[in-house]
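Subject: Structure handover

Hello,

Here is the structure for you to look at. My notes on it follow below.

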Amino acid sequence: MRVREILNKQLHRFQREGLARHIFQLATGTVFGQAAALLALPVISRLYRPEDYGEFVIFSAVVQIGVVLAAGRYDLAILLPKRDAVAAPTAVTAVGMTILTSVLLGLLAISLMGTGSIDGNLPVIEYAYLIVFAIFAISLSRIFQSWLTRRKRFKNVAWMRIQQLVGAAVLQIFFGVVWGGSASGLFIGFVLSLAIAGFAGALMVYRSGFPLEWAGSSWSISCKKITEVAKRYRQFPVFTVPAGLLNSFAMQSLPLVSAIFFPAAAVGHLGMAQRVGNAPTQLLAQSIGQVVIQHLAENLSHGRSNVDIVVRIV
């Protein structure tokens, strides 16, 4: 009886603080998007060869590694400031880092175009320009999601995820039918879905009331604010970027290493198996994790302890 009372008490506290509602909102969007993506796999596997999907798996792995570098992890710092007037230039700093990194990666892509493939089997370098655009789009989407998470607009975040996952499935099937199963359909369908979700995210951020007062009336004031924010949160690119790269390399190492020693078809089968197997983990990480991070950051900015919320989540 005592255990039941404790559980009910914790549940009421979750509901009062909005944790349960916010987690449910994100979980609903994630479940719907993941279900659409998984239901589309049998169709995609009929439209495209395993070799084509193997190229897409390597494409996705390279993109996920590049995304860690794009914004310098300043997107994580958006949640920390107490006032929106400080969080806004932090978001602009993240966008500026994303643009700079994308330009540099774009120049690298131009120099690599036509040089062959990374292993003789998977001509991913031929799609280097799409890799750069995908990194740019995903980084912007993460920045937008961080801002919407800060404003507790979890319905908007869930809607962005639905648009990206469902859009990718629909577009990849569409291009698979139109182009007769060419590998380009997987890449372009994925990139277009990112563009759609990013555009929708930008509109949501604008409608959420993104403050512009911090910019002042001159360009020099805006640059000064951005410089101050970049220095204040410099620990993010200094410490979290290397840690994020190591984590991303660890997660993407299996398909990348497999591409060296095995044919593209084997990498494609591996990628589909990983897609299905990782779905439950992604559901927990994307629904619970993002809500908890927002509440932890809010408590930290107001000088409140996070011990209680961590204990209740665990």
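Does D84 count as buried, partly exposed or exposed? D84 is partly exposed, at 25% relative accessibility. The classes are: buried, under 20% relative accessible area; exposed, over 50%; partly exposed, in between (1.4 Å probe, protein chains only).

Some ground rules. This is a predicted model, where local features need pLDDT of at least 70, side-chain atom pairs count only at pLDDT 80 or more, and totals for chains, interfaces and linings use all residues. Residues are numbered from 1 along each chain as its sequence is written, and side-chain values use heavy atoms, with hydrogens and water left out.

Salt bridges

Side chains of opposite charge can pair when their charged atoms come close. The rule used here asks for a side-chain nitrogen of Lys or Arg within 4 Å of a carboxyl oxygen of Asp or Glu. That rule gives three salt bridges.

Start with D84. Its partner R150 has the closest N and O atoms 2.8 Å apart. Helices are DSSP runs (H or I, at least four residues), numbered from the N terminus. R150 is buried, with a relative accessible area of 11%.

D84 also forms a salt bridge with R151, with the closest N and O atoms 3.5 Å apart. R151 is partly exposed, at 29% relative accessibility. Together, D84, R150 and R151 are linked in a network of salt bridges.

R49 pairs with D52, the closest N and O atoms being 3.0 Å apart. R49 is partly exposed at 49%. D52 is buried at 3%.

Surface patch

I99, L100, V103, L104, L107 and I110 make a nonpolar surface patch of about 590 Å². Patch residues have over 30% relative accessible area and no salt bridge; nonpolar side chains (Val, Leu, Ile, Met, Phe, Trp, Tyr) are joined within 5 Å, like charges within 9 Å. Areas come from the Shrake-Rupley method with a 1.4 Å probe. L107 belongs to helix 5 (residues 84-112). L107 is exposed, with a relative accessible area of 52%.

Helix 7

Helix 7 (residues 154-178) has 25 residues. At 1.5 Å a residue it should span 36 Å, and its end C-alpha atoms are 36 Å apart, which agrees. The expected span is 1.5 Å times one less than the number of residues. Just after helix 7, G180 takes a positive phi of about 70°.

Best wishes

Technical notes: Helices (H or I, at least four residues) and strands (E, at least two) are DSSP runs, numbered from the N terminus.
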